[in-house]
Amino acid sequence: MVYRQVADLLEREAPPLIDALDVARMVEEKINTLDILAVEGLLLAIMQKHFLYINLFGALLGFVMGSFNVLLMGLGR
């Protein structure tokens, strides 16, 4: 019974509270107050991490394709 009352209360009260927070605006204001070099450093750090995974995936894909090519050439003889 208590669980149902809490769930009903959250269903009624949570959406207006979430709308009142306006997270997108808060993030935009925080980024606008940061130094340009700090934002650039943050973006470069994120990109560096993702580029590592892209490069590793490319190396794995190249290895698989090269191995498949060698296998096909071996079967063709």
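## Overall architecture

The protein chain contains three helices and zero strands, where helices (H or I, at least four residues) and strands (E, at least two) are DSSP runs numbered from the N terminus. From the N terminus on, the order of elements is α-α-α. The radius of gyration is 26 Å, well over the 11 Å that the globule rule gives for 77 residues, so the protein chain is more spread out than a compact globule. This radius is taken over C-alpha atoms, and the rule is 2.2 Å times the number of residues to the power 0.38. Along the principal axes, the C-alpha atoms fill a box of roughly 75 × 45 × 15 Å.

The model is predicted: local features need pLDDT of at least 70, side-chain atom pairs count only at pLDDT 80 or more, and totals for chains, interfaces and linings use all residues. Residues are numbered from 1 along each chain as its sequence is written, and side-chain values use heavy atoms, leaving out hydrogens and water.

Of the 77 residues in the protein chain, 0% are buried (under 20% relative accessible area, with exposed over 50% and partly exposed in between; 1.4 Å probe, protein chains only). The protein chain exposes about 7400 Å², an area from the Shrake-Rupley method. Carbon and sulfur atoms supply 71% of this area.

## Nonpolar patch

L21, V23, M26, V27, I31 and L34 make a nonpolar surface patch of about 510 Å². Patch residues have over 30% relative accessible area and no salt bridge, with like charges joined within 9 Å and nonpolar side chains (Val, Leu, Ile, Met, Phe, Trp, Tyr) within 5 Å. A salt bridge is a side-chain nitrogen of Lys or Arg within 4 Å of a carboxyl oxygen of Asp or Glu.

Helix α2 (residues 23–33) gives the most to the patch, with four residues. I31 is found in helix α2 and counts as partly exposed because its relative accessibility is 43%.

Notes. Areas by Shrake-Rupley, 256 points an atom, 1.4 Å probe, with all protein chains shown as cover.
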